[in-house]
Amino acid sequence: MGLPLLLPLLLLPASLQAGHRAQRNSQQHYEMKQPRDLSAPEGGSILIPFSFSHPWELAKVPNMRISWRWKQFHGEFIYNTSPLFTHKNFKNRLILNWKEPEKNGSLRISNLRREDESAYFCQVELDTLRDGNKKWQSIEGTKLTITPRSKTTTWGPTTTTTRAGLGGSEGKKSSKLWSLTMEAIVGLALASVVLLKIPIMGLTVYLGWKRSKGVQTEARTPARESFKHMEENYENIGNKG
């Protein structure tokens, strides 16, 4: 048997072994994915997404647990699902958006501070059916950068001064409007008084005129009667004479 025929037979076990090793490695592949870099303004909030995969068959009760470290790969834990734990620097500022047995989620950090600028690493731990407890985390993590506050959310002296100026102009406008309103009210009051006085004065004049006419009528009537009586007396005297 020549060398060209023996060479494939010699290489066949090696290729089979390499293929078996590659298949075994692909079956044991597991990973944790996170974005490499993120940024958010101071005082704002940020979502750090994560996703993981594994080749194992899970136990009936896998007891999945998600944890987060910061600063470095073996850094201090800032959050843990079981037992529930939150670092004192992040009290009331961390929310984990994840539910078992999901393989993805996100960590929300709110009210960001300058000292929150760091690297964050997600870790997952679970129980498998045949391979026991497994634990792994992101190697590079996510580098979070805290940027300065935006101008729209800044409460500085300039904004305060501007608002104070607006408040002063609004106060002057309101005082002018108030004075104009008072003048209008006084004018309307005087006009109403004048309008009320005109019919009252007219009625008073009319009543006075009416009374004076009645007195004159009464005064004139007795004079006529006395004059008539005097004429009758004069006639009677004349007849007697």
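Mentor: Terms first. Two strands pair if DSSP finds at least two bridges between them. Strands (E, at least two residues) and helices (H or I, at least four) are DSSP runs, numbered from the N terminus. This is a predicted model: local features need pLDDT of at least 70, side-chain atom pairs count only at pLDDT 80 or more, and totals for chains, interfaces and linings use all residues. Residues are numbered from 1 along each chain as its sequence is written, and side-chain values use heavy atoms, with hydrogens and water left out.

Trainee: Strand 9 and strand 11: parallel or antiparallel?

Mentor: Antiparallel, over three bridges. Strand 9 covers residues 118–127. Ala119 sits opposite Lys143 of strand 11.

Trainee: And how many bridges join strand 2 to strand 11?

Mentor: Five, and those two run parallel. Ser39 faces Thr145 in strand 11.

Trainee: Which residues make up the covered face of strand 11?

Mentor: Thr142, Leu144 and Ile146. Lys143, Thr145 and Thr147 form the uncovered face. In a regular strand, side chains alternate between the two faces of the sheet.

Trainee: Switching to rings. How many aromatic pairs are there?

Mentor: Eight in the whole structure. Phe, Tyr and Trp rings (six-membered ring for Trp) pair if their centres lie within 6.5 Å; planes under 30 degrees apart are stacked, over 60 edge-to-face, the rest tilted. Trp70 and Phe90 are edge-to-face, 5.1 Å centre to centre with 80 degrees between the planes.

Trainee: Is Phe90 buried or exposed?

Mentor: Buried, at 0% relative accessibility. Buried means under 20% relative accessible area, exposed over 50%, partly exposed in between (1.4 Å probe, protein chains only). Trp70 is buried too, at 5%.
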